[in-house]
Amino acid sequence: MDNVSGSSRIIVVNIGSKDGFLRNAQLFYKAGCATGDYHGQMNYENFSNWISNKVIPNLRPNCVIVIDNASYHNKERNKAPTRSSNKSEMIEWLLKYKVEADLTMRKTKLFDLIKQHKPEDKVFEINKILEAHGHTVLRLPPYNCDLNPIEMAWAKPKNFVRGRHILRDICMTKLLQLVKKREYWVKDGVMEDIIDAIVTNLESDDDDDEDDDDGNDSDNVDDDL
């Protein structure tokens, strides 16, 4: 969210389900600020810090966490070097996998060895953090943010702030106050409204194809979400 000058931004982060946003997991900070536990733009360091310190302590056991493909979600563990990586990076990676390699070898040979020993599945750092606490990560396919209800949920706080920013004379302090208003986070039930809307739309599509004889379709959709 931008202030009037457009030169500053507030980073707003939360996680939600059909029960609403997760209590005590809200994160707000001014982008570019160099103080506190969170600073700069959203990146893997800030994201993993938020997951470890604000999300995991407040989650119920054995949750399924839906994650999209934002770059800071996708830091890989022991990411394999690419063809354009330098020799030292290639050799260091191969030695971690106990593959013999040295500077006398050509890059083409080193890269062939990397392809031979590269794990079939990517291992993401954030997955390991969540899995270590008993949770499962479900990743959305690339370029399909429309599958993620959180995208629609964020429209409400943006409209909430925009509706109180009519004269465009709002300062950063006031903007933070608006974003943090408890009436929105606690009482609106944003995620529940979004989930209900999705279920309703899916039910309407089903009705166009066939009659709902037993009345259980909506329950099944809700469980899947």
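**Exercise 1. A patch on the surface**

Which residues make the nonpolar surface patch of about 260 Å²?

*Solution.* The structure is a predicted model, and the steps below should be read with that in mind. The patch is made by Val-64, Val-66 and Leu-138. To place one of these residues, note that Val-64 lies in strand 5. Its exposure can then be classified: with a relative accessibility of 55%, Val-64 counts as exposed, because the cut-off for that class is over 50%.

**Exercise 2. Salt bridges and the parts they link**

State how many salt bridges the structure holds, and work out for three of them where the partners lie and how exposed they are.

Step 1. Asp-19 belongs to the loop between strand 2 (16-17) and strand 3 (20-21), while Arg-60 belongs to the loop between helix 1 (44-55) and strand 5 (64-67), so the pair ties together parts that are 41 residues apart in sequence. Asp-19 is exposed at 54% relative accessibility, and Arg-60 is likewise exposed, with a relative accessible area of 56%.

Step 2. The side chains of Arg-77 and Glu-125 meet in a salt bridge with an N to O distance of 3.0 Å. This pair, too, links distant parts of the chain, since Arg-77 is in the loop between strand 5 and helix 2 (87-96) and Glu-125 is in helix 4 (residues 125-131), 48 residues apart. Arg-77 is partly exposed, with a relative accessible area of 36%, whereas Glu-125 counts as buried at 18%, because the cut-off for buried is under 20%.

Step 3. Glu-131 and Lys-128 form a salt bridge through their side chains, at 3.9 Å from N to O. These two residues are 3 residues apart in helix 4, which means that about one helical turn separates them. Glu-131 counts as partly exposed at 39% relative accessibility, and Lys-128 counts as partly exposed at 34%.

**Exercise 3. The nonpolar cores**

How many residues has the largest nonpolar core, and which of them have the most contacts inside it?

*Solution.* Step 1. The largest core has 23 residues, and those with the most contacts inside it are Trp-50 and Ile-51. At least two residues of this core are supplied by each of strand 1, strand 4, helix 1, strand 5 and helix 4, and helix 1 gives the largest share, with 5 residues.

Step 1. Leaving aside neighbours within four places in sequence, Ile-51 is in contact with Ile-56, Pro-57, Ile-126, Ile-129 and Leu-130.

Step 2. A second, separate core has 12 residues, including Ala-80, Leu-94, Met-105 and Leu-113. As background, nonpolar side chains in soluble globular proteins tend to be buried together.

**Exercise 4. Positive phi angles**

Where in the chain is Lys-98 found, and where is Asn-24?

*Solution.* Step 1. Most residues other than glycine have a negative phi.

Step 1. Lys-98 has a positive phi of about 60° although it is not a glycine. Lys-98 is found in the loop between helix 2 and helix 3 (107-117), and with a relative accessible area of 77% this residue is exposed.

Step 2. Asn-24 also has a positive phi, near 70°, and its place is in the loop between strand 3 and strand 4.

Technical notes
Residues are numbered from 1 along each chain as its sequence is written. This is a predicted model: local features need pLDDT of at least 70, side-chain atom pairs count only at pLDDT 80 or more; totals for chains, interfaces and linings use all residues. Side-chain values use heavy atoms; hydrogens and water are left out. A salt bridge is a side-chain nitrogen of Lys or Arg within 4 Å of a carboxyl oxygen of Asp or Glu. Helices (H or I, at least four residues) and strands (E, at least two) are DSSP runs, numbered from the N terminus. Buried means under 20% relative accessible area, exposed over 50%, partly exposed in between (1.4 Å probe, protein chains only). Patches are made of residues with over 30% relative accessible area and no salt bridge: like charges are joined within 9 Å, nonpolar side chains (Val, Leu, Ile, Met, Phe, Trp, Tyr) within 5 Å. Accessible areas come from the Shrake-Rupley method with a 1.4 Å probe; for residues, only the protein chains shown count as cover. A nonpolar core is a set of buried Ala, Val, Leu, Ile, Met, Phe, Trp, Tyr and Cys residues joined through side-chain atoms within 4.5 Å. Contact means heavy atoms within 4.5 Å.
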